[in-house]
Amino acid sequence: MAIADIAAYAHLSDEDIEALGRELDEIRLDIEGSLGERDAAYIRRTILFQRTLDVVARLVIGLSRSRKGWLLGTAALAVAKSVENMEIGHNVSHGQWDWMNDPEIHSTTWEWDMVAVSSQWKYSHNYRHHILTNIVGVDDDLGFGIMRLTRDEPWQPVHLVQPLRNLLLALIFEWGIALHGVHSERDRVLPDAVGVSEARSTLWRKIARQAAKDYVVLPAMSGRRWRRTLVATALANVARNLWAYVVIFCGHFPDGAEKFAPSVLDDESRPEWYLRQILGAANFRAGPVLAFASGNLCYQIEHHLFPELPSNRLAEIAVRVRALCEKYDLPYTTGSLVGQYFLTLRTIHKLALPDHLLIATSDDAPETASERKFAGRRDVRGGLRTALSKSVRARRGRRTVV
């Protein structure tokens with residue numbers, strides 16, 4: 001089932017883990033010490049670009065007389081909303097730009113352009129997910145409470161419909177994040193009934209403001225063309241939802257993004273936490289444009305290691321992290337965007353079925369593994385990456401024999 005002994009699974013000694021932690025701390029200190037005007041200029045340019053694109057897109061939607069113009073404006077608006085959501089809202093709310101001491105570009109003041117409340121999301125995401133990453137029964141992002149993504153969660157008949165739930169979540173992802181945030185906020189303030197009520201009221205006020213902006217005020221400003229603006233805004237929101245969903249799922253649920261038992265939190269050290277982040281996240285390959293469009297979350301491993309470091313530095317951090325994975329013979333889980341999403345879909349559809357219909361064991365499945373997969377093995381010399389490669393070759397050999 002889930003990994004209970006991370007050191008044993010990773011094939012690392014305590015000394016190895018401590019050394020890995022020191023080298024990752026060195027990366028953090030190097031980046032923090034080099035932050036400066038170049039980085040500040042990057043986020044300011046990004047915000048200016050996003051806001052300019054948003055205004056231009058809305059003007060094209062409202063003023064163009066052709067269908068092509070309307071489609072172009074709608075697509076541009078979807079891009080503007082995606083950039084605001086991924087590269088700005090998500091990263092600013094992580095505190096990546098707090099060092100600038102800019103009262104606007106700060107995690108305590110930024111409110112993003114969707115129905116979720118930033119403050120509620122910060123607790124569910126920055127703490128519950130990033131600190132307690134992939135801990136079964138603790139990390140609410142592991143299936144978002146509606147899907148079974150590990151065999152550690154007992155199968156129930158309701159899981160048969162999770163492929164449909166997955167499709168629905170993709171379409172309304174911003175609403176899923178909003179409900180997810182208020183759910184975590186409710187858990188944080190319980191048994192404070194006043195706090196629960198206030199969290200719900202805060203969410204409803206944000207929903208009202210966002211809905212009024214998107215579906216009342218801006219369409220009304222278009223005059224007789226209000227329908228064009230209304231439909232364009234709705235489609236742009238759906239496109240933004242789909243893109244955010246794909247990026248998030250590809251970083252957390254393809255093969256190789258491991259899950260962990262709650263016991264790993266007992267006396268977990270900082271180096272052990274680092275190791276859990278490497279094992280629990282996944283990247284996808286991207287050039288500069290795709291990286292920017294994804295909020296640089298194509299570097300999900302690096303983001304989980306250093307969630308407070310600015311997103312524009314993750315590409316250079318990735319080079320050093322990958323070298324460390326080579327040095328310690330650890331897997332560096334990555335692949336194409338399409339490939340990672342296909343693996344995620346396979347897990348979602350496979351785990352909709354009861355366990356007795358599945359082939360691999362609960363300790364040696366692509367989506368659910370543990371240190372017990374190596375029990376009794378005599379050919380586990382080397383690190384985890386080597387051991388996993390040997391497991392794949394052995395499995396293929398058995399299939400060839402059959």
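A crossing of two helices is called left-handed if the near helix is turned anticlockwise from the far one by less than a right angle, and right-handed if it is turned clockwise. The views below come from a predicted model, in which local features need pLDDT of at least 70, side-chain atom pairs count only at pLDDT 80 or more, and totals for chains, interfaces and linings use all residues. Residues are numbered from 1 along each chain as its sequence is written, and side-chain values use heavy atoms, with hydrogens and water left out.

**View 1. The packing of helix α3 against helix α4.**
Helices are DSSP runs (H or I, at least four residues), numbered from the N terminus. Helix α3, residues 37-63, packs with α4 at an angle of about 155°, and their axes are 8 Å apart; here axes are lines fitted to C-alpha atoms, for helices over the stretch in contact, and angles run from 0 to 180 degrees between N-to-C directions. The pair is therefore roughly antiparallel, since angles under 35 degrees count as roughly parallel, over 145 as roughly antiparallel, 65 to 115 as roughly perpendicular and the rest as oblique. The crossing of α3 and α4 is left-handed. By class, their contact holds 15 nonpolar, five polar and five charged residues, where Ala, Val, Leu, Ile, Met, Phe, Trp, Tyr, Cys and Pro count as nonpolar, Asp, Glu, Lys and Arg as charged, and the others, Gly among them, as polar.

**View 2. The crossing of helix α6 with helix α14.**
The axes of α6 (residues 162-171) and α14 (residues 337-350) come within 8 Å and cross at roughly 135°, which makes α6 oblique to α14. This crossing of α6 and α14 is right-handed. Gln162, Pro163 and Asn166 in α6 meet Tyr341, Leu345, Thr347, Ile348 and His349 in α14, where contact means heavy atoms within 4.5 Å. The residues of this contact divide into four nonpolar, four polar and no charged.

**View 3. The largest nonpolar core and the surroundings of Phe249.**
A nonpolar core is a set of buried Ala, Val, Leu, Ile, Met, Phe, Trp, Tyr and Cys residues joined through side-chain atoms within 4.5 Å; buried means under 20% relative accessible area, exposed over 50%, and partly exposed in between (1.4 Å probe, protein chains only). Of the 89 residues in the largest core, Leu24, Phe249, Leu275, Phe306, Val321 and Leu330 touch the most other members. Helix α9, residues 226-252, supplies the largest share of this core, with seven residues. Leaving aside residues up to four places away in sequence, Phe249 touches Phe144, Met147, Asn166, Leu169, Phe173, Pro254, Thr344 and Ile348.

**View 4. Helix α5 and the loop between α4 and α5.**
Helix α5 is mostly covered, with ten of its twelve residues buried, among them Trp121, Lys122, Tyr123 and Arg128. Asp98 has its place in the loop between α4 and α5, where Asp98 touches Val92, His106 and Ser107, not counting residues up to four places away in sequence. Asn101 lies in the loop between α4 (67-93) and α5 (118-129).

**View 5. Two asparagines with positive phi.**
Most residues other than glycine have a negative phi. Asn101, although not a glycine, has a positive phi of about 55°, and Asn101 is exposed, with a relative accessible area of 63%. Asn296, found in the loop between α11 (288-293) and α12 (300-305), has a positive phi near 60°. At 8% relative accessibility, Asn296 counts as buried.

Notes:
Helices (H or I, at least four residues) and strands (E, at least two) are DSSP runs, numbered from the N terminus.
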